[in-house]
Amino acid sequence: MSDWTHRHVLDLAAFSLDDYTTVLELAQRFRAMPTSGARKLPALQGRLVTTLFFEPSTRTRSSFELAARRLSADVLSFTPGSSSLSKGESLLDTVRTYVAMGAELLVVRHRATAVPQHLAEALDASGGRVAVLNGGDGLHSHPSQGLLDLFTLARHFAPQSPTPEALRGRRIVIVGDVLHSRVARSNLWALTACGADVVLCGPPTLVPQDFADFVAAPPSGQRLDPVVERGTVQVLHDLDDALVGADAVMTLRLQQERMQQNLLTSLDGYHQRYGLSQRRLERCGRPVPVLHPGPVNRGVEMTGELLDDTSVSLVDEQVCNGIPVRMALLYLLAGAVSALPAQV
Ligand code: CP
């Protein structure tokens, strides 16, 4: 953990293989903590974590707040609808108000791309020692989801030692609305960094061919890719072809609220071509796990029967793993902001 260099977690494009190893190792240790009885660690006692969600959330927000409490942090939860934003206070002044109250770790979700990054830059420029965690920005990035998906897959393939190495050479199929998915983008950075070969599948309107080059160069504003050799990315439009030889399948929510135009003819037609079912998974040629970041449109991305079959569906496992992964992120960033009292 001594080589952790990030003051903020904004985009997994900036993560090295060592960074993934650090997060996964720490998450595995936190995952082993008892879930009842004395289940708190004193690591963040006296530290203030604030969640600022300008867009709805069930999983990410609750799991960051639970993670913070399990590390004994104080937690403030900002709700835009009942805040002074409605009186014209700016977003930055709102955030500075929480910083003035002592918030050191800010978890920010916003519908607009790069809001967490702009806040981090503004807070850095004003000399504060505050860390920003991106809880999801527009279509751009959802780093904690990418990390919890990685952790869930690594635990599936190597339960005793869930390291990035567990992903090397695996064929991971991501099916659905890649175009509107910050989850898919974060997974592309994470999975290819660990040497997985990713197949993106969906209708051409939702999975354009140029996604095959998504990780070919770092995003603008980042000079170098910290990963020397990445796995491959392939785009296919036929799900039955994509599933052959798959080691795991991740399906994505159809984000109709983000679709600017009619990109689908019908939900029924979509389910026929791209919906997952037990029968369809037989194309993989062996039992494979299914992931979904949630929330799920039952009967669209996957059948309800498949979602509820915990011998195949890792959806509950993803939710459960979100807590130790977010504990790891909070712990690492708290240490980057100021010294921690003791190692865990
Ligand atoms: N996966 C995810 O981000 O879920 P929420 O929108 O409920 O946080």
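1. Basis of the values. The structure is a predicted model, in which local features need pLDDT of at least 70 and side-chain atom pairs count only at pLDDT 80 or more, whereas totals for chains, interfaces and linings use all residues. Residues are numbered from 1 along each chain as its sequence is written, and side-chain values use heavy atoms, with hydrogens and water left out.

2. Domains. The assignment, whose bounds come from an automatic or database source, divides the chain into domain 1 (12-141 + 320-338) and domain 2 (144-315). The centres of domain 1 and domain 2, taken over C-alpha atoms, are separated by 25 Å. To the contact between them (heavy atoms within 4.5 Å), domain 1 gives 32 residues and domain 2 gives 35 residues.

3. How empty space is defined. Rolling a probe the size of a water molecule over the atoms shows where empty space is left. On a 1 Å grid over the protein atoms alone, a cavity is a set of points where a 1.4 Å probe fits but cannot get out, while a pocket is an open set with protein on both sides within 12 Å along at least five of seven lines; lining residues have an atom within 4 Å of a point. Grid points are joined across faces, edges and corners, and a volume is the space filled by probe spheres set on the points.

4. The largest pocket. This pocket holds about 430 Å³ of space, and its lining has 20 residues, with Arg109, Arg182, Arg253, Gly294 and Pro295 lying nearest its centre. Two or more lining residues come from each of α2 (59-70) and α6 (182-193), where helices (H or I, at least four residues) and strands (E, at least two) are DSSP runs numbered from the N terminus. The lining comprises 5 nonpolar, 8 polar and 7 charged residues; in this scheme Ala, Val, Leu, Ile, Met, Phe, Trp, Tyr, Cys and Pro are nonpolar, Asp, Glu, Lys and Arg are charged, and the others, Gly among them, are polar. Because both domain 1 and domain 2 give residues to the lining, the largest pocket lies between them.

5. The second largest pocket. About 340 Å³ of space lies here, lined by 16 residues, of which Leu10, Asp11, Ala14, Gln117 and Gln222 are the closest to the centre. By class, the lining of the second largest pocket has 6 nonpolar, 7 polar and 3 charged residues. The second largest pocket also has lining residues from both domain 1 and domain 2, and so it lies between them.

6. The cavity. The count comes to 1 cavity of 30 Å³ or more, and the largest cavity holds about 70 Å³ of space. Its lining consists of Arg59, Ser63, Gln145, Leu148, Pro293, Gln318, Val319, Gly322 and Arg326, which divide into 3 nonpolar, 4 polar and 2 charged residues. At least two lining residues are supplied by each of α2, α5 (143-157) and α11 (315-337), and the largest share, 4 residues, is from α11. Domain 1 and domain 2 each provide at least three residues of this lining.

7. Threonine 152. Which helix holds threonine 152? Threonine 152 belongs to α5, and at 2% relative accessibility it counts as buried (under 20% relative accessible area, with exposed over 50% and partly exposed in between; 1.4 Å probe, protein chains only). A polar atom of its side chain lies 2.7 Å from the backbone oxygen of leucine 148. Apart from neighbours within four places in sequence, threonine 152 is in contact with Leu291, Leu314, Glu317, Gln318 and Asn321.

8. Arginine 31. This residue is found in helix α1 (residues 17-31) and is partly exposed, with a relative accessible area of 23%. Although arginine 31 and valine 325 are 294 residues apart along the chain, their C-alpha atoms are separated by 8.3 Å. The side chain of arginine 31 makes a polar contact with the side chain of glutamate 317 at 2.9 Å, a polar contact being a pair of N or O atoms within 3.5 Å, where within protein one must be able to donate a hydrogen and the other to accept it, and residues adjacent in sequence count only if both atoms are side-chain atoms.

9. Proline 289. The loop between α9 (278-281) and β9 (290-291) contains proline 289, which counts as buried at 3% relative accessibility. Setting aside residues up to four places away in sequence, proline 289 touches His156, Asp247, Ala248, Val249, Val312 and Leu314.
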